[in-house]
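Have the sequence and the 3D view ready as you read.

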Amino acid sequence: MNWIALIIAGIFEIGWPLGLKLSQQPENSKWNWIIFSVLCMTVSGGFLWYAQKSIPIGTAYAVWTGIGAVGTLLVGILFFQDSASILRLLSALLIVVGIVGLKLF
């Protein structure tokens with residue numbers, strides 16, 4: 001259950017930079033997206049707190065930030081035309097390999 005909580009925390013970790021990005025778009029309501037970001041931070045932190053009850057702190061933090069980093073990278077590529085160069089994608093793959101390694105070992 002704690003690994004599921006950690007994955008949920010990582011998914012919400014994607015939400016706050018997305019909300020901050022959307023708050024900068026002129027056609028969007030700035031404050032609604034900032035509030036969304038704060039809510040995502042809060043939920044993400046809560047699930048991380050729960051996950052750390054049985055997952056070592058270093059592993060939990062690395063997985064949490066890794067999910068957030070790779071997820072945010074993918075959101076940027078898919079929705080904001082961020083670069084999808086082979087080096088960026090390979091770098092993200094290295095993060096995923098590190099996350100899997102922390103889970104397995």
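Predicted model: local features only at pLDDT ≥ 70, side-chain atom pairs only at ≥ 80, totals over all residues.

**A walk through the helices**

Ala-51 has a relative accessible area of 0% and is therefore buried, where buried means under 20% relative accessible area, exposed means over 50% and partly exposed lies in between (1.4 Å probe, protein chains only). Ala-51 belongs to helix H2.

Residues are numbered from 1 along each chain as its sequence is written, and side-chain values use heavy atoms, with hydrogens and water left out.

Now for the overall picture. The secondary structure amounts to 4 helices and 0 strands; helices (H or I, at least four residues) and strands (E, at least two) are DSSP runs, numbered from the N terminus. Reading along the sequence gives the pattern α-α-α-α. The C-alpha trace spans about 45 × 35 × 15 Å along its principal axes, and 30% of the 105 residues count as buried.

How do H1 and H2 sit relative to each other? The axes of H1 and helix H2 (residues 30–51) come within 7 Å and cross at roughly 160°. Here axes are lines fitted to C-alpha atoms, for helices over the stretch in contact, and angles run from 0 to 180 degrees between N-to-C directions. H1 and H2 are therefore roughly antiparallel, given that angles under 35 degrees count as roughly parallel, over 145 as roughly antiparallel, 65 to 115 as roughly perpendicular and the rest as oblique.

The crossing of H1 with H3 is right-handed. Within H1 you will find Glu-13, a residue that counts as buried because its relative accessible area is 13%. The C-alpha atoms of Glu-13 and Pro-56 are 43 residues apart along the chain and separated by 19 Å.

Next, follow H3 towards H4. These two helices pack at an angle of about 155°, with their axes 9 Å apart. H3 is therefore roughly antiparallel to H4, and H3 passes H4 in a left-handed crossing. Leu-74 is located in helix H3 and is partly exposed, because its relative accessible area is 41%. Between the C-alpha atoms of Leu-74 and Leu-87, 13 residues apart along the chain, the separation is 14 Å.

The loop between H3 and H4 holds Gln-81. If you like checking backbone torsions, look here: phi of Gln-81 is near 55°, a positive value in a residue other than glycine. Is Gln-81 buried or exposed? Its relative accessibility is 67%, so Gln-81 counts as exposed.

Our last stop is helix H4 (residues 86–104), where Val-97 has its place. With 52% relative accessibility, Val-97 counts as exposed. Val-97 is one of the residues of a nonpolar surface patch, formed by Ile-86, Leu-87, Leu-90, Leu-93, Val-96, Val-97, Val-100, Leu-104 and Phe-105, with about 970 Å² of accessible area together. Patches are made of residues with over 30% relative accessible area and no salt bridge, like charges being joined within 9 Å and nonpolar side chains (Val, Leu, Ile, Met, Phe, Trp, Tyr) within 5 Å. A salt bridge is a side-chain nitrogen of Lys or Arg within 4 Å of a carboxyl oxygen of Asp or Glu. Accessible areas come from the Shrake-Rupley method with a 1.4 Å probe, and for residues only the protein chains shown count as cover.

Methods:
Left-handed = near helix turned anticlockwise from the far one by under 90°.
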